[in-house]
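Q: Hey, can you walk me through this one? I'd like to know what is going on in it before class.

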Amino acid sequence: MAKFIPLTVTDIHPTTADAIAVRLKPVDGSTLPFTQGQYLTFRTEIDGTEIRRAYSICAGVTDETLEVGIKKVKGGAFSNWAHDTLKPGDTIEALSPMGAFHTPLSPNQAKHYLGFAIGSGITPVLSILRSVLAVEPHSRFTLIYANRAARDVMFREELEDLKNENMGRLNIVHILKNDPQGIDLFTGRIDADKLEQMFKAWVPVTSADAAFICGPEPAMRTIAESLQAHGMPKNAIKYELFASAQTGQLPQRKVTDDEATGTRATIILDGTAQEVDVAPGETILAAALRAGLDAPYACTAGVCSTCMCTVRDGAAEMLTNHALEDYEVARGVVLSCQAVPTGDTITVEYLDH
Ligand SMILES: Cc1cc2nc3c(=O)[nH]c(=O)nc-3n(C[C@H](O)[C@H](O)[C@H](O)COP(=O)(O)OP(=O)(O)OC[C@H]3O[C@@H](n4cnc5c(N)ncnc54)[C@H](O)[C@@H]3O)c2cc1C
């Protein structure tokens with residue numbers, strides 16, 4: 001379980017002043033299959049502390065490479081470490097690609113996809129866009145990409161090249177908060193008014209089959225509401241959230257073994273069942289890690305889905321959920337970093353990644 005794969009860094013280059021594109025390949029020379037829009041969970045040790053962070057793959061499924069884009073976050077541990085330390089030839093470990101930010105592709109489909117990306121939210125949308133253009137020759141893609149200024153546009157050259165190579169199939173609308181453009185509509189923040197005008201004049205939502213949105217949570221909600229108001233069904237809209245709306249990262253309260261008397265949990269990992277005591281208010285993941293189980297996890301904030309497991313017996317309540325869809329929750333899937341058992345016993349099973 002939680003099997004980490006060593007990857008060699010084959011190339012690093014800046015894509016803006018504060019973002020790098022990192023190419024990787026498995027150390028053993030194999031290829032690592034992924035679905036467009038999925039992410040890698042990297043593990044590294046910084047100053048003696050193990051850090052795990054998720055980064056979306058931005059390569060397309062036919063690109064024969066793994067590529068991620070890492071934007072520097074002020075005061076951020078992993079992003080600054082990657083910018084300052086990582087170099088070609090280094091090895092970094094990652095879990096197998098995960099995530100459900102995609103719809104199935106097929107060469108016979110003729111679809112119109114909408115992509116909405118804000119800032120570094122371009123990475124999974126770029127993967128989907130590249131994959132659609134390569135795999136579905138009859139489909140087209142409209143990308144609405146919002147940034148503060150032109151200099152902040154990640155993968156700008158790659159997007160221009162893709163546009164030139166796919167005339168008539170790829171339409172890109174840049175919205176720049178601070179830089180005036182020829183058309184007023186394309187300057188400023190993405191808000192409900194701007195979307196209303198855009199959907200009326202530039203992007204007919206009724207012609208679109210699916211939309212992919214990645215950016216800060218409030219903007220994603222506004223875009224989704226606007227798409228639905230213009231007739232797009234809820235289940236045609238896919239989201240990927242990079243960070244929850246929380247400020248800072250308070251360490252989770254550590255529970256001692258003596259305190260752990262709330263729920264008797266059976267945790268099935270790699271097909272092996274193990275009994276663990278979960279203290280009142282403690283999450284399943286925290287209890288599993290405390291008991292020394294090698295349960296998978298990354299963000300521990302309910303944002304990625306690395307730690308998801310299925311409740312086979314009993315019940316649990318999630319403190320927050322930014323990753324699972326309604327139908328997954330209805331099937332009993334929970335984010336174990338957020339799931340607190342509500343009864344005396346519970347059985348959960350981690351899916352094999
Ligand atoms: C599914 C998924 C995909 C993602 N894909 C991408 C991607 O493609 N590209 C990308 O750039 N990012 C991506 N992210 C975000 C990425 O995983 C990291 O969250 C991001 O890079 C910041 O990590 P960090 O270690 O640099 O910052 P962290 O160390 O996590 O810090 C984040 C912020 O919190 C502040 N902070 C930290 N600790 C505290 C504290 N105790 N109190 C107060 N403030 C604190 C820091 O100063 C900083 O501003 C993705 C996230 C998810 C969940």
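This is a predicted model: local features need pLDDT of at least 70, side-chain atom pairs count only at pLDDT 80 or more; totals for chains, interfaces and linings use all residues.

Q: Which ring does Tyr-113 pair up with, and how are the planes set?
A: Tyr-113 pairs with Phe-212: the ring centres are 6.2 Å apart and the planes sit at 40°, so the pair counts as tilted.

Q: Where in the chain are Tyr-113 and Phe-212?
A: Tyr-113 is in strand β7 (residues 112-118) and Phe-212 is in strand β10 (residues 210-214), so the pair ties together parts 99 residues apart in sequence.

Q: And is Phe-212 buried or exposed?
A: Phe-212 counts as buried, because its relative accessibility is 1% and the cut-off for buried is under 20%.

Q: OK, how many aromatic pairs are there?
A: The count comes to 9 aromatic pairs. Another one is Phe-42 with Tyr-55, whose centres are 6.1 Å apart with planes at 35°, so that pair is tilted. Phe-42 belongs to strand β3 and Tyr-55 to strand β4, 13 residues apart.

Q: How buried are Phe-42 and Tyr-55?
A: Phe-42 is buried with a relative accessible area of 2%, and Tyr-55 is buried with 14%.

Q: Which residues do ring pairs link into a cluster?
A: Ring pairs join Phe-42, Tyr-55, Phe-78 and Trp-81 into a cluster.

Q: Switching topic: what does the side chain of Tyr-55 do with the ligand?
A: An N or O atom in the Tyr-55 side chain is 2.6 Å from an oxygen atom of the ligand. Thr-123 also has a polar side-chain atom 2.7 Å from a ligand oxygen, while Ser-56 puts a backbone N or O atom 3.1 Å from a ligand nitrogen.

Q: How much of the ligand does the protein cover?
A: On its own the ligand has 980 Å² of accessible area, and the protein covers 75% of that.

Q: Who's around the ligand, then?
A: There are 23 residues around the ligand, and the closest are Arg-53, Ala-54, Tyr-55, Ser-79 and Thr-123. By class, that shell has 11 nonpolar, 8 polar and 4 charged residues. The largest share, 4 residues, comes from β4.

Q: What about α1? Which of its residues are buried?
A: In α1, Phe-78, Ser-79, Asn-80, Trp-81, Ala-82 and His-83 are buried. Their cover includes β2, β3, β4, β5 and β6.

Methods. Residues are numbered from 1 along each chain as its sequence is written. Side-chain values use heavy atoms; hydrogens and water are left out. A residue is near a molecule or strand if one of its heavy atoms lies within 4 Å of it. A polar contact is a pair of N or O atoms within 3.5 Å; within protein, one must be able to donate a hydrogen and the other to accept it, and residues adjacent in sequence count only if both atoms are side-chain atoms. Accessible areas come from the Shrake-Rupley method with a 1.4 Å probe; for residues, only the protein chains shown count as cover. Helices (H or I, at least four residues) and strands (E, at least two) are DSSP runs, numbered from the N terminus. Ala, Val, Leu, Ile, Met, Phe, Trp, Tyr, Cys and Pro count as nonpolar, Asp, Glu, Lys and Arg as charged, and the others, Gly among them, as polar. Buried means under 20% relative accessible area, exposed over 50%, partly exposed in between (1.4 Å probe, protein chains only). Contact means heavy atoms within 4.5 Å. Rings of Phe, Tyr and Trp (its six-membered ring) pair if their centres lie within 6.5 Å; planes under 30 degrees apart count as stacked, over 60 as edge-to-face and the rest as tilted.
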